[in-house]
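Hi,

Here is the structure I promised to pass on to you. My notes on it follow below.

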Amino acid sequence: MTSVNTDAHILMSMTYASRANPDVSATDFNEILQQAQINNAANSITGMLTFNKDYFLQTVEGPRAQINRLLYSLIADERHYDLQVIETRELKHREWSKWSMNYASPTEENAAVYLKYSTTNGFNPYLLNADSANGLMNELSAQKG
Ligand SMILES: Cc1cc2nc3c(=O)[nH]c(=O)nc-3n(C[C@H](O)[C@H](O)[C@H](O)COP(=O)(O)O)c2cc1C
């Protein structure tokens, strides 16, 4: 019998919300996105990030070990804080396979999508359950075309 000593075949997805550090500028947002895209391409991670000036909501998916390693980095990253995991689950297939990190932030075009998932005025991912978080990100991505 061959023993399997890698979990690379076990795919998982993690969705979390966090608060942007108030010092984080528009340039920093672009750097975060670029860093995510470059690192993820090297680490077999794919996903979706949505943010406004106050909050992040992100889904990352990939090999379980890589996702857990990224979780440590994310928690230590001072560009955001109060990271709260919304959902983790095992996947048979990736849902964001086309993107090292897809992204969306509020624009006039997607305002209705954010509104649909808001119980208060404005986007606050801490108020979303897992289904709503996934729904929001899928609709934002679909809207981008
Ligand atoms: C909101 C947010 C999302 C991030 N997303 C990712 C990501 O998807 N992948 C990643 O490697 N790093 C991501 N980062 C950066 C990590 O926290 C960390 O800085 C980085 O992985 C460190 O790796 P490096 O120094 O080797 O580039 C994110 C940071 C923030 C604040």
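Strands (E, at least two residues) and helices (H or I, at least four) are DSSP runs, numbered from the N terminus. This is a predicted model, so local features need pLDDT of at least 70 and side-chain atom pairs count only at pLDDT 80 or more, while totals for chains, interfaces and linings use all residues. Residues are numbered from 1 along each chain as its sequence is written, and side-chain values use heavy atoms, with hydrogens and water left out.

Let me start with one residue. S18 lies in strand β1. S18 counts as buried because its relative accessibility is 0%; the cut-offs are under 20% relative accessible area for buried, over 50% for exposed and partly exposed in between, with a 1.4 Å probe and protein chains only. Its side chain makes a polar contact of 2.8 Å with that of H80. By polar contact I mean a pair of N or O atoms within 3.5 Å; within protein, one must be able to donate a hydrogen and the other to accept it, and residues adjacent in sequence count only if both atoms are side-chain atoms.

Now the sheet. Five strands form an open sheet with mixed pairing, in the order β4-β1-β3-β2-β5; two strands pair if DSSP finds at least two bridges between them. β4 (80-91) and β5 (102-104) are at the edges with a single partner strand each, so one side of each has no neighbour in the sheet. β1 and β4 run antiparallel and are joined by nine bridges. Within β4, Y81 stands opposite R19.

Helix α4 (residues 130-144) packs on this sheet and touches β1, β2, β3, β4 and β5, where contact means heavy atoms within 4.5 Å. Among the buried residues of α4 are A133, L136, M137 and L140. At the N-terminal end, α4 is capped by N129, with a side-chain oxygen 3.3 Å from the backbone nitrogen of D131.

Finally, the largest nonpolar core has 19 residues, of which M14, F29, L49, F56, V60, I67 and M101 touch the most other members. Such a core is a set of buried Ala, Val, Leu, Ile, Met, Phe, Trp, Tyr and Cys residues joined through side-chain atoms within 4.5 Å. Another core, of 16 residues, lies apart from it and includes Y117, F123, L136 and M137.

Best wishes

Methods. Axes fitted to C-alpha atoms, helices over the stretch in contact; angles between N-to-C directions.
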